[in-house]
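Please keep the structure open beside it as you read.

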Amino acid sequence: MGAGIAQVAAVAGRTVLIADAVPGAAARAVDGIRERVKAQVARGRLTVDPDALDITAVDTADSLADCAVVIEAVIEDLAVKRALFAELEAVVADDTILASNTSSISPTALAAGLAHPERLVGLHFFNPVPAMKLVEVISGLATAPAVAAAAADLATAWGKTVVRSTATPGFIVNRIARPFYAEAWRLYEEHAAVPQNIDAVLTGGGGFRMGPFALMDLIGHDVNEAVTRSVWAAFGYDPRFAPALAQRALVEAGWLGRKAGRGVYPADGAPAPTPAQPAVSPKVVIEHASRTDDGEREPGPLRALLDRAGVATVSGDRDDTFAGLPDGLIELPSGAFLAQCEGATATSLSAAFERPVIVADRVLDPASARAIAIAPSDGCPPAALAEATGLLQAAGLDVYVIEDTPGLIVARTVAMLANLAADALAGRVASEPDIDTAMRLGVNYPLGPLAWARQWGIGPVLRILDSLDNWYRDGHYRPSPLLRRAALAQRGPAAGESLLPRQGHSGRY
């Protein structure tokens, strides 16, 4: 990380000094940077002269006395970092900015004990630094606004996209990203689906670049679990951040992922996912959709997939017996219903309808999705499940039949990401645009979680969370009060409309 930060600074034309506690490490870092830059120039990705980079290895902290900014990238240990900053403060000028590349330790804690705590700021780069655009600028309790602004300007000048965060556990990305891993582990521990199928649904249906299990194998389960455990402890062991017992077992076994030769998946890679066998699609289905105020039928939430499948639809009546149940129900020739996921299990819907139900997961984009999960109600006849499977296969989707679990795969994952993002927004950890930007650039999500909630609608996201919370009753899925308030006020669905309450009021009630 330190070498990557130094490379970015040097390529941006800055004078850079590298110091390392290990003898010879700084010199090797300088040589490595020049070689990497030469390779980038040869590929046409950079136009700088590698030999002209103003970058030098130094042996001691005293050599950094004239630096305007010092960025540490040492081990993630509070005592080690504090000792280093105390050493630096004794040699640098009073106006030198001290920055930490920490991914999890609060700048407030790092600055405690310094003579000038106001000049310490978090400057969290993402790995690999030259390739990743995002930088989180984290203000501690004592950080001077001018210092945070100067750090943000510096990272921007180096070609990075900056987001601003307060010093809360996990900052933006490591806090909000936890459900991407946690929900996958919950599904695995409940035997709802095998890892390779969960990964396939989240990439092919949710639009994520990598599935959570493949990504954790790449990161390393020791690293990923340690971050989860750190955030969990920092939030007072909040059940929303609780680490998975299954991942702890991998760490204890030494199955840390690719670097150890195996993790969730063996060394030769993940097994092939196992979608459902081909089935015959019905030619005509009945769509029970709501009417507008003018009495016109509204397309149901599954209409785009029906059109993609080339299945004819007949409008059915949606009378009072459908009150409180999902809109746009698809009645299959067998009499079973196909419903888009709003959190409830297929079996609970089946009990309400007194007929079989198959619940279909949500997808990022019905026009381009490649995969979808479905769950049948207990006792669902195989013929009804085959009808639903064939219909979705006719839309060009790989269909994964999973156990009847609330929220399925994509819906529960995205709803929880939006939930933690809303909590961060309510706590003024970061602005709404910065939260979405951080999650897109920091972990390559196809949409920011708050933008995703607006796209689905705050109401459906809240219904998914309420269903999960009612099912498990362990506090893990409790909805953010901000989401509930936004749903009541009908804020958020429109593009660009903030979920935060409007400031001020008329004084009338």
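**Notes on the model**

1. Cys380 is buried, with a relative accessible area of 14%. Buried means under 20% relative accessible area, exposed means over 50%, and partly exposed is in between (1.4 Å probe, protein chains only). Cys380 is in no disulfide, and the nearest cysteine sulfur, that of Cys341, is 16 Å away. A disulfide here is a pair of cysteine sulfur atoms within 2.5 Å. The search of the whole structure finds 0 disulfides. Cys67 also counts as buried, at 19% relative accessibility.

2. A word on the basis. This is a predicted model, in which local features need pLDDT of at least 70, side-chain atom pairs count only at pLDDT 80 or more, and totals for chains, interfaces and linings use all residues. Residues are numbered from 1 along each chain as its sequence is written, and side-chain values use heavy atoms, with hydrogens and water left out.

3. Now the aromatic rings. A search of the whole structure finds 14 aromatic pairs. Rings of Phe, Tyr and Trp (its six-membered ring) pair if their centres lie within 6.5 Å; planes under 30 degrees apart count as stacked, over 60 as edge-to-face and the rest as tilted. How far apart are the ring centres of Phe180 and Phe208? They are 4.8 Å apart, and the planes meet at 40°, so this pair is tilted. Phe180 is in helix H7 (residues 178-189), and Phe208 is in the loop between helix H8 (195-204) and helix H9 (212-219). Helices (H or I, at least four residues) and strands (E, at least two) are DSSP runs, numbered from the N terminus.

4. Stay with Phe208. Phe208 counts as buried at 4% relative accessibility, and Phe180 is buried at 2%. Phe208 also pairs with Trp452, again tilted: 5.4 Å centre to centre, with 35° between the planes. Trp452 is in helix H17 (residues 449-456), so this pair ties together parts that are 244 residues apart in sequence. Trp452 is buried too. One aromatic cluster holds Phe180, Tyr181, Phe208, Tyr445, Trp452 and Trp456.

5. Look for charges over rings. The charged end of Arg362 sits over the ring of Trp456, 5.1 Å from its centre. Arg186 lies over the face of Tyr472, at 5.2 Å from the ring centre. The test asks for NZ of Lys or CZ of Arg within 6 Å of the ring centre and within 35 degrees of the ring normal.

6. Check the backbone. Most residues other than glycine have a negative phi, and most peptide bonds are trans. Asn127 and Pro128 are joined by a cis peptide bond, with omega about 0°. Pro128 is in the loop between strand S5 (120-125) and strand S6 (134-139). Phe171 is not a glycine, yet has a positive phi of about 55°. Tyr237 has a positive phi as well, near 60°. Tyr237 counts as exposed, at 52%.

7. Ala246, Gln247, Leu250 and Val251 are buried in H11. They cover an arc of only 145° around the axis, which puts them on the same side of H11. That arc is taken from the directions from the helix axis to the C-beta atoms. On the other side, Leu245 and Glu252 are exposed. The buried residues pack against H7, H9 and H10, where contact means heavy atoms within 4.5 Å. Just after H11, Gly254 takes a positive phi of about 80°.

8. Finish with salt bridges. The structure holds 19. Each is a side-chain nitrogen of Lys or Arg within 4 Å of a carboxyl oxygen of Asp or Glu. Lys81 bridges to Glu72, with the closest N and O atoms 2.8 Å apart. Lys81 also meets Glu76 in a salt bridge, at 3.3 Å, N to O. Lys81 counts as buried, at 1% relative accessibility, and Glu72 as buried, at 3%. Glu76 counts as partly exposed, at 37%.
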